[in-house]
Amino acid sequence: INNVLGELVHDIQDSELKAEKDGVSDTESKVDSGVPEVPVPPDDTPEVLNKALSGLSSRWKNWWVRGILTLAMISFFFFIIYLGPMVLMMIVLCVQIKCFHEIITIGYSVYHSYHLPWFRTLSWYFLLCVNYFFYGETVTDYFFTLVQREEPLRILSKYHRFISFALYLTGFCMFVLSLVKKHYRLQFYMFGWTHVTLLIVVTQSHLIIHNLFEGMIWFIVPISCVICNDIMAYMFGFFFGRTPLIKLSPKKTWEGFIGGFFATIVFCVMLSYVMAGYRYFVCPVEFNNDSNSFQVDCEPSELFQLQDYALPSILESVTGWTTVRLYPFQIHSIALSSFASIVGPFGGFFASGFKRAFKIKDFANTIPGHGGIMDRFDCQYLMATFVNVYIASFIRGPNPTKVIQQLLALRADQQLHIFNSLKAHLIEKGLLPALEEAAA
């Protein structure tokens with residue numbers, strides 16, 4: 001009996017050590033056992049690359065595949081920038097739809113055996129509703145004169161929020177009617193799944209478009225910061241990485257994190273210097289009603305005009321310079337690149353935790369060596385939210401053009417009342433007589 005008990009204890013200890021070695025506790029195993037695994041997508045690396053890199057180890061093969069595809073994606077990024085803001089907005093919409101599709105597909109794959117009624121239909125319906133709301137708001141804000149000129153658009157704009165709410169309410173009622181006995185809890189899980197996906201993907205992609213209208217530099221620089229950080233962190237980690245950074249991503253290292261941080265700041269300061277000198281990048285994107293097209297032309301603000309800055313005494317002793325000539329935007333680019341390097345990666349860690357929860361490597365296999373579109377944009381959405389908040393907090397002021405547009409939409413008696421109130425205010429401040437004398 002003692003021998004049998006001893007062998008049993010020995011077997012239990014071995015199994016516990018094995019579980020700890022694999023990084024999976026007994027409790028976690030029980031929890032995960034109830035979640036069906038998502039089918040692993042097949043390797044879709046182009047056959048040409050497979051043959052060309054067949055003699056390399058899997059580590060170096062993955063390095064070359066990622067490198068080649070990264071250069072291809074960067075080239076495509078420059079190409080769509082050249083095509084202009086309208087194409088950029090369409091690309092953002094396409095990326096948003098693809099990311100939504102990848103996340104919803106995971107949900108459907110996990111719970112497909114339950115045959116939930118209307119799940120995919122309702123998911124895409126809610127995506128349509130949310131996009132109708134956000135893009136309708138954007139059209140009203142940035143195409144105000146066009147909307148007022150066309151009668152159907154004016155009616156849709158006037159009742160836009162009511163129509164959006166009615167559309168969502170219809171989907172809500174459809175969901176309630178689709179509830180099936182014995183699957184209530186699961187259906188509410190998936191209802192929450194859809195709405196969290198909408199919050200993460202659609203809302204933040206809409207913020208990207210808002211950033212774009214502030215000037216293409218607010219779109220390009222933040223995206224480039226995240227891309228640069230991702231590449232440089234991978235490079236430093238690949239060649240120098242020794243110290244693990246976080247358990248969610250075992251391949252991430254402190255060497256890659258720190259190296260990516262400094263490389264990203266240097267890159268973004270240099271990129272900002274180059275782009276700040278071109279009106280095409282710094283001017284807000286506006287709609288020209290005469291030509292019915294976008295225009296990017298203005299007198300650059302002080303943010304994009306070179307200024308002299310005094311260097312701290314420490315840097316002065318090292319460089320021998322007393323002042324340095326920079327664009328103020330370059331100072332802001334340090335804040336953007338710091339966020340992209342320090343906080344931005346947590347978007348990737350969040351995505352890694354999500355994928356580990358469902359035992360998948362990537363969201364999809366859209367891009368060989370990189371995974372799905374969501375795998376490339378997990379940090380971009382977090383960055384877009386930060387940039388939008390940063391602009392609203394430190395950059396953007398009242399927009400006279402929008403104020404005038406809103407005034408012109410009022411009734412004549414309301415406009416006259418505002419005119420008299422403004423006139424009285426200017427006289428009280430002593431500004432109106434000075435203006436009249438100047439005009440005389």
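## Disulfides and ring pairs

Cys 283 counts as buried, at 0% relative accessibility; buried means under 20% relative accessible area, exposed over 50%, partly exposed in between (1.4 Å probe, protein chains only). This is a predicted model, in which local features need pLDDT of at least 70, side-chain atom pairs count only at pLDDT 80 or more, and totals for chains, interfaces and linings use all residues. Residues are numbered from 1 along each chain as its sequence is written, and side-chain values use heavy atoms, without hydrogens and water.

A disulfide is a pair of cysteine sulfur atoms within 2.5 Å. The count is 2 disulfides.

| Disulfide | Sulfur to sulfur |
|---|---|
| Cys 225 and Cys 268 | 2.2 Å |
| Cys 283 and Cys 298 | 2.1 Å |

The link of Cys 283 and Cys 298 is left-handed, with -95 degrees about the S-S bond. Cys 298 counts as partly exposed at 23% relative accessibility. Cys 225 is buried at 0%. Cys 268 is buried at 0% as well. The sulfur of Cys 228 lies 6.0 Å from that of Cys 268, its closest cysteine sulfur, which is too far for a bond.

Rings of Phe, Tyr and Trp (its six-membered ring) pair if their centres lie within 6.5 Å; planes under 30 degrees apart count as stacked, over 60 as edge-to-face and the rest as tilted. The count is 27 aromatic pairs. Trp 193 and Phe 358 are edge-to-face, 5.3 Å centre to centre, with 65 degrees between the planes. Both Trp 193 and Phe 358 are buried. Phe 339 and Phe 386 have ring centres 4.0 Å apart and planes at 5 degrees, so the pair is stacked.
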